[in-house]
Amino acid sequence: LGAAQTVSASFNVPSSQALRDERPNLDAPLPGPADDARRIFDAFVDVARRRPDATAVVHGDRAYTYGELERLTRALAARLQAAVPPGELVAIYGRRDVGTVAAMIASARAGRAFSVLDSAYPPARLGQTFSQLGAARLVIVDGRSDDDHELAQIAGRDARVRLRLDD
């Protein structure tokens, strides 16, 4: 091995007072992706095309391949595009399982921003979170709660979209 080398760099770091005093230009356009930019799910789709039989997600004793998950999320994305207008935030109501993973990928594929609400939390708390998010739709993943009373604490009937993995 060669001798260790020391590298020095100089950074101009503003003082904490300067950072507090600096006011952002809220009217400036936000940086966004170029038209040809890769989207967050493109890497997933690339792997699904190259290795469709490789295991993508394991939950319990069920393993989903990239090919299965790709077909599932494509179908779910189409349903989301039909049910949720562009620009509306999606709140995904599910547990920590493959259904929630599929709904997250499907939301990204459909071009919808999303937040995940863990169904293990109390419905009243989830209702507050849903309201604070300003989400227009509550996406109920797979067999999660058919209890209308529980769901009514989170979102009104017109705001609910149910996605079943086996449809």
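Contact here means heavy atoms within 4.5 Å. The structure under discussion is a predicted model.

Helix α2 spans residues 42-50, and its buried residues are D42, F44, V45, V47 and A48. These buried residues of α2 pack against α3 and α4. An α-helix has 3.6 residues a turn, so residues three or four places apart point the same way.

## Packing of helices α3 and α4

Two packed helices are described by the angle between their axes and the distance between the axes. For helix α3 (residues 66-83) and helix α4 (residues 98-109), the angle is about 60° and the axes are 8 Å apart. The two helices α3 and α4 are therefore oblique to each other, and their crossing is right-handed.

On the α3 side, the contact is made by L69, E70, L72, T73, R74, L76, A77, L80 and Q81. Their counterparts in α4 are V98, A102, A103, I105, A106, S107 and R109. By residue class, this contact of α3 with α4 comprises ten nonpolar, three polar and three charged residues.

## The aromatic pair between α2 and α3

One aromatic pair is found in a search of the whole structure. The pair consists of F44 and Y66 and is tilted, with 6.0 Å centre to centre and 40° between the planes. Since F44 lies in helix α2 and Y66 in helix α3, the pair ties together parts that are 22 residues apart in sequence.

F44 has a relative accessible area of 12%. Residues under 20% count as buried, and F44 is therefore buried.

Notes:
Residues are numbered from 1 along each chain as its sequence is written. This is a predicted model: local features need pLDDT of at least 70, side-chain atom pairs count only at pLDDT 80 or more; totals for chains, interfaces and linings use all residues. Side-chain values use heavy atoms; hydrogens and water are left out. Axes are lines fitted to C-alpha atoms, for helices over the stretch in contact, and angles run from 0 to 180 degrees between N-to-C directions. Helices (H or I, at least four residues) and strands (E, at least two) are DSSP runs, numbered from the N terminus. Angles under 35 degrees count as roughly parallel, over 145 as roughly antiparallel, 65 to 115 as roughly perpendicular and the rest as oblique. A crossing is left-handed if the near helix is turned anticlockwise from the far one by less than a right angle, and right-handed if clockwise. Ala, Val, Leu, Ile, Met, Phe, Trp, Tyr, Cys and Pro count as nonpolar, Asp, Glu, Lys and Arg as charged, and the others, Gly among them, as polar. Buried means under 20% relative accessible area, exposed over 50%, partly exposed in between (1.4 Å probe, protein chains only). Rings of Phe, Tyr and Trp (its six-membered ring) pair if their centres lie within 6.5 Å; planes under 30 degrees apart count as stacked, over 60 as edge-to-face and the rest as tilted.
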